[in-house]
Amino acid sequence: MTNRYVDPPGEGVGVSQLSVPKACDLAGRLSRDAIAFASLVDCRVADASDVIVLDVETETPQVREYDIRPVERLAVCFDHEDSASPQVLALREDFPATPHQYPPTDSVPKRLCLFEEEYPDLQRRWTAAFFVRRIRDWLRLTARGEMHAQDQPLEQVFAVTGHRIILPHALSKLADVGATNEAVPVAVTGVDEYRGRLTILTAIAERAKTGAPPPYLALSFTSAPHPPDAIATPHTISELHDFLAAHGDDLIAVLRRRLLEWSQQPNVFSSQLILIVRVPKRRDAAGAPETSETVAFLGPPVRDIGTALGVWEITPRGLALMVPVPQERRGENAMLEGLSVHFRISRADAAQLNGRDSADDRRIIGIGAGALGSQVIMNCARAAFGRWTIIDRDRLLPHNVTRHALGEFGVGYHKAVVLASVANLLTDDLDAFDFVVADVLAPGPDRQLVEERLDKADLIVDLAASIAVGRYLALDAPGSSRRVSFFLNPAGSDLVMLSEDRDRQVRLHMLEMQYYRAGWRDERLRGHLRRPEGGVRYGRSCRDVSLRLPQEFVGLHAAIAARELRGAADRDGAALRVWRIENDSSQVSVVDVDASAPLRETLGDWTVLYDAELLKTIRGLRAQRLPNETGGILLGAFDVERKTIYVIDTIPSPVDSEERQTLYIRGCEGLREQLEVARRETFDQLEYVGEWHSHPDGASCLPSGADLTVLDWLTGHMETDGLPGILMIACERDQLAVMVASVTVRHAHPLE
Amino acid sequence: MPIVTFFPLGNADCCRLDLAGGQKLLFDYANTRCADDPTDKRIDLEQELRSDLKAAKRDFYDVVAFTHLDTDHFCKATEFFELRHASKYQGKDRVKINTMWVPAAVIYEDRADLAEEGRVIQAEARYRLEKGDGIRVFSRPAALQAWLKSRGLTLDSRSHMITDAGQVVPGFSLPEHGVEFFVHSPFASRQDDGTFADRNTCSLVMQVVCEVLGRKTKVILPADTTHEVWTEIVGITRFHGRDERLEWDVFKLPHHCSYLVLGPDKGTDKTEPVEAVRWIFEEQGQLGAIVVSTSDPIPTSGDDDQPPHRQAANYYRDTRRENGTFLVTMEHPKPSAPEPLVITIDQRKATVKKRAIAASVAVTSVSAPRAGARS
């Protein structure tokens, strides 16, 4: 195995006669033995370049995918202008054809393609050591057949022509389209030309379409399986045929048959042929093909191919079919130009390129395709997370495009329709995203459709920025799957996630209340729900964000929401989380609020909802004051439509209250101010809903005569607003009596 | 992924085998470096092994084999390892040996020329065998009977700690550990009168078979073994029809590239091997196989009595020129700065690592030199 080398370019010179600084540096370092595993063989000068010949020692395993030797001799050609990455030539005569070489790969010497980066990017960190290390890495990985990491899409550098073709994903999979030795038509859907270089877009041709003669005609041919050698570069149909014939295919016969069919459609004669060849690869002769390599060529017009293959002659009177076909015409003159091949991606590819193992096919309903919603959905689409039904009733208006995933092309159309279509076009799966143009709260004729989708969903995502939608999903919408809400605070600087637990014990409406409580009690959320100062507002709800809001905030939060959605979808428990952007530094901090178990009392036609956290607070305040009584006012919210009263927090006993062993008189000093703060910090979502006080140990939880007086007093006051009030009595052994003060449910209480 | 590491120690041996499951086995320990001599290119073996153990969060080896009781196999071992037989060899910094492997002679042969450290290792081996814990002796079992009897022990009580030639060492298997150890020596040859003559009792010779993703890589690890012994080993192996037990992908040369491994005559420029040894090196080496000489750099001229012998090296170079590699520990990666010779084993069999370490990695892998105004 003595290595035979081809002559490198140029004439031998001394190191001092080199002129390109990078060449001088490399030669100098090599001659000083300053670069590990590399040594200088020769310095040369050619017409336009300095040439350094060096031996590099390669890390090669015993068993090699490609025959890279432990020592390889290379010539590096530095062009005198230093305008392009140096050419690296493998001088060994029998250096193998491998991936990542410049074509033609059947030439000698082979030219290695070392860099994916552009040369200007490389120049910044170019050193001789870096360069030699890259050469050695190329040789090492090629020897192992690992030049391509699995997550690295293979970009063929097949075509020195610079033409590209983008193929449908189905053609990348052997099983999907086209049997061995069969050609199937591929539709050319678009061609873009830039400075003489073509990019050709294709799709699977459902059926031959008539109409204007297409300028290009594409065929995909699947060959018999080959062993895993690299494919040499054929320059003519004849050479391609010979390459395929070695494993039993007859490309010329296949093409001749096609040409005969085409001869019936004269309008295709001027179309140029695009030939796509899929070569299945297998490791050993008995095994099933493991991979396939796809190459594509731009050939002559159909008319000339027919002549070159002896199917017809062009005569002054038109086309004359040749019978019998002259077998010696084998397309020697039918020149082929290589196209570099790219495939459209599948959902699995999208998931993997996003760092996930596989696409997630759970059925997700996304309600709301506004600024945040559209961007969250597109983030999920790019990562193939979920098969979505997008429900939204709005059309995209011109001002929306400033913060919407869609652009001007969608203006005037329904957001849900365009968004689903754009999401589907990301991958080859055109059914992953579906839409319903409807208001989920008033779906009209689509009611049945909407409810059916909700019922069958695996996950319901509320992106509607509407409390009403959240309450509907929590309490009224069909289906048993978990609901997750994402919305921004009024300033748009914070993102809120309310995520129900898997069993839906803590639902969106209770999480919403707990979120309000945290909004005014939790220092970490200070200012979160305040009205933005000076901002123009058009909304009325705390989830309507300001019209003046940077897209950066929405984009950042949409990224977080898409990521968190994946986590929320698989979590067991409920979650309440807020992300806050620091305006000056753009730092994002996260605030986790513990979700609390909900408690419920039904009193007459009213339902009182509170939670374990409130119980704990009241219990604590009572214990502090024992043996005296204490109390305070209750904060919460009313849902009159659903006859529900939420009780979520308390403002404890004001300082001027009278607290004795069997007596409590709630004072009022500072109370209004505190209530005002609670309202301001919760965007008016928390309000006064009633009173509570404690009974000492040994005393019953039943309301005393005095308590009933309080109840009457409360009823009277609340009645002026048309609302009921709540009276709670806390006593020993953690018991709590709940009473609704209302003209309709007077004195009702739940004690057993 | 199993890793075989040879250390640049001059004419001395130490080979570490790291198994995929994290086990570490050491074949010999000879820390030959002269600490006072800044020009000594030999590696500080103790420091090298300690930093490896520290990275692996370990203070022990699963196995330490002393393949031959000559100084070039155990130099300073009694300063590095914890020995159970005397408290002066115990302390928290000492590295523990779970199981010690020794050839038979270490147990029953009292050599007058044995160096002091050799006596200590012999005492340790004998102590462990007497206690019946942490030892494996490679021997024909019956050959140990007299010694055991002299200590009041029966062969039966110790037979599970004895492995004869032609056997695979218990405790390691291809399915479970991805490795097996086949023993070639010490062995016994049958005499004309039907009795056995124990041969090469002072040297351990093994074939280590590693399997990764269904592909086997074979490493021959012999202690000092001459061509006469190899001829016998080849004869026995082929008699039993087990040629594959002498196949190899990595061959650690015995005795630092001595011509006596190949044949009786050194030759002028190249040693000619005897037939059995020729068969091993020219027919049993697999595609791309690697010969490792654990020795000083090969002299380019002259005729030193001491190995390495350039004539023997020429033979190995010639046989591997077409197919494989001949490497010398003190020449790898270059004679001016030898480094540990690391051979990784995977489904592509053996690969000699030749990684040039980036400066940022090198600098951040060690402490920076002392800096500051006060000196």
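B:Asp113 counts as exposed, at 58% relative accessibility (exposed means over 50% relative accessible area, buried under 20% and partly exposed in between, with a 1.4 Å probe and protein chains only). Its salt-bridge partner is B:Arg111, with the closest N and O atoms 3.0 Å apart (a salt bridge is a side-chain nitrogen of Lys or Arg within 4 Å of a carboxyl oxygen of Asp or Glu). B:Arg111 is partly exposed, at 21%.

This is a predicted model, in which local features need pLDDT of at least 70 and side-chain atom pairs count only at pLDDT 80 or more, while totals for chains, interfaces and linings use all residues. Residues are numbered from 1 along each chain as its sequence is written, chains are lettered from A and ligands numbered from 1 in the order in which they are written, and side-chain values use heavy atoms, leaving out hydrogens and water.

**Confidence**
- The scores for the model are ipTM 0.81 and pTM 0.65.
- Chain B has an average pLDDT of 91, and 95% of its residues score at least 70 (pLDDT is the predictor's confidence in each residue, from 0 to 100).
- In residues 363–368 of chain B the pLDDT falls below 50, and this stretch has zero contacts in the model beyond near neighbours in sequence (contact means heavy atoms within 4.5 Å).
- Where pLDDT is low, the predicted coordinates should not be read in detail.

**Salt bridges**
- Side chains of opposite charge can pair when their charged atoms come close.
- Over all chains, the count comes to 82 salt bridges.
- One of them joins A:Arg29 to A:Asp25, with the closest N and O atoms 2.8 Å apart.
- Both residues lie in helix H1 (residues 21–31) of chain A, four residues apart, or about one turn of the helix (helices, H or I with at least four residues, and strands, E with at least two, are DSSP runs numbered from the N terminus).
- A:Arg29 is partly exposed at 35%, and A:Asp25 is partly exposed at 30%.
- A network of salt bridges links A:Asp67, A:Arg69, A:Glu72, A:Arg92 and A:Asp94.

**Helix H12 of chain A**
- A:Arg521 forms a salt bridge with A:Asp649, the closest N and O atoms being 2.7 Å apart.
- A:Arg521 lies in helix H12 and A:Asp649 in strand E28 (residues 644–652) of chain A, so the pair ties together parts 128 residues apart in sequence.
- A:Arg521 is partly exposed at 35%, whereas A:Asp649 is buried at 0%.
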